[in-house]
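Dear colleague,

I am handing over a structure that will be new to you, and the notes after it describe what was found in it. Please have a look at it before reading on.

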Amino acid sequence: MNLYALETHINTLLNVGKFRDYAPNGLQVEGRAEVKRIVTGVTASQALLDAAVECNADAVLVHHGYFWKGESQVIRGMKKRRIATLLQHDISLLGYHLPLDAHPTLGNNAQLAARLGIRTEGVMDERELQGVGNVGSLAEPMSLDAFGQHVAAVLGREPSLITGGEHPIQRIAWCTGGAQGYIQQAFELGADAYLSGEISEHTVHFARENGIHYLAAGHHATERYGIQALGEHLAATLDLEHRFIDINNPA
């Protein structure tokens, strides 16, 4: 498939144009014009790029790409090595951040909810067109410890659990990655618990003092599934070869 046709297809699929993001969505580093084999992964780390070279990939699709707002514009050190790897092997890099978080079926939040058995009922902030975070419910109420064990079994890592009281969890809000700051919105929506990837000092006090449970299940762990689902979708609909490579990250 032509590289630019592939980019246009993904941009349309993920409705890229409606997002105000922290990095460019779409083609970030241009490689060969024809794409047959794609590799997907969470972050365009050197380890992922080296694995893509071993796979003879034509393009790499990630959730965390390059050229973030506020980062140095200088191409040196780690950034130079990464970009050099792509250019030397004529491999394209495409990155999709908020559009991949928010997609209603392929997105990180949708995919995580499906795996955890959460019924999605809406977005956390209806004023936001992109609807990055979601709110929903569990089929049956669960204690914080029981739900934490369920999350650990599904994601393969123990979440940090901050108790907000003795109440069970049924109504829950969630947003994958580094979205612990959305706990305020989760509380205002009447959620029993909020789940995200990371945790901060402030998050702990907010949960305890406002009576809302908090689960920090890992930035990487909560965002493995959207990019994998996107790759599988492209392979099934565009006759592309796809391989998802999970570079372990404990954060």
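In which strand is N134 found? The answer is strand β6, which covers residues 134-142; here helices (H or I, at least four residues) and strands (E, at least two) are DSSP runs, numbered from the N terminus. Before going further, please keep in mind that this is a predicted model, in which local features need pLDDT of at least 70 and side-chain atom pairs count only at pLDDT 80 or more, while totals for chains, interfaces and linings use all residues. Residues are numbered from 1 along each chain as its sequence is written, and side-chain values use heavy atoms, with hydrogens and water left out.

To stay with N134, this residue counts as buried because its relative accessibility is 11%, where buried means under 20% relative accessible area, exposed over 50%, and partly exposed in between (1.4 Å probe, protein chains only). Its side chain reaches the backbone oxygen of G122 at 3.1 Å, which is listed as a polar contact (a pair of N or O atoms within 3.5 Å; within protein, one must be able to donate a hydrogen and the other to accept it, and residues adjacent in sequence count only if both atoms are side-chain atoms). Not counting residues up to four places away in sequence, N134 touches N109, T120, G122, V123, M124, I172, A173 and W174, where contact means heavy atoms within 4.5 Å.

Helix α5 spans residues 108-116, and seven of its nine residues are buried, so the helix is largely enclosed by the rest of the structure. Just after the helix, G117 takes a positive phi of about 75°.

How is the packing of two helices described? The description uses the angle between their axes and the distance between the axes; the axes are lines fitted to C-alpha atoms, for helices over the stretch in contact, and angles run from 0 to 180 degrees between N-to-C directions. Helix α5 packs against helix α6 (residues 144-155) at an angle of about 110°, with the axes 10 Å apart. That makes α5 roughly perpendicular to α6, since angles under 35 degrees count as roughly parallel, over 145 as roughly antiparallel, 65 to 115 as roughly perpendicular and the rest as oblique. On the side of α5 the contact is made by L112, R115 and L116, and on the side of α6 by H150, V151, V154 and L155. By class, this contact of α5 with α6 has five nonpolar, one polar and one charged residues, where Ala, Val, Leu, Ile, Met, Phe, Trp, Tyr, Cys and Pro count as nonpolar, Asp, Glu, Lys and Arg as charged, and the others, Gly among them, as polar.

Helix α5 also packs with α10, at an angle of about 100° and with the axes 7 Å apart, and the two helices are therefore roughly perpendicular to each other. Here N108, Q111, L112 and R115 in α5 meet Y225, G226, I227 and A229 in α10. By class, the contact of α5 with α10 has four nonpolar, three polar and one charged residues.

Helix α10 covers residues 225-238 and includes E232, which counts as partly exposed because its relative accessibility is 44%. E232 is also among the contacts of H242, together with I38, T40, Q228, G231 and A235, when neighbours within four places in sequence are left aside. H242 itself lies in strand β11 (residues 241-244), and its side chain makes a polar contact with the side chain of T40 at 2.7 Å.

With best wishes
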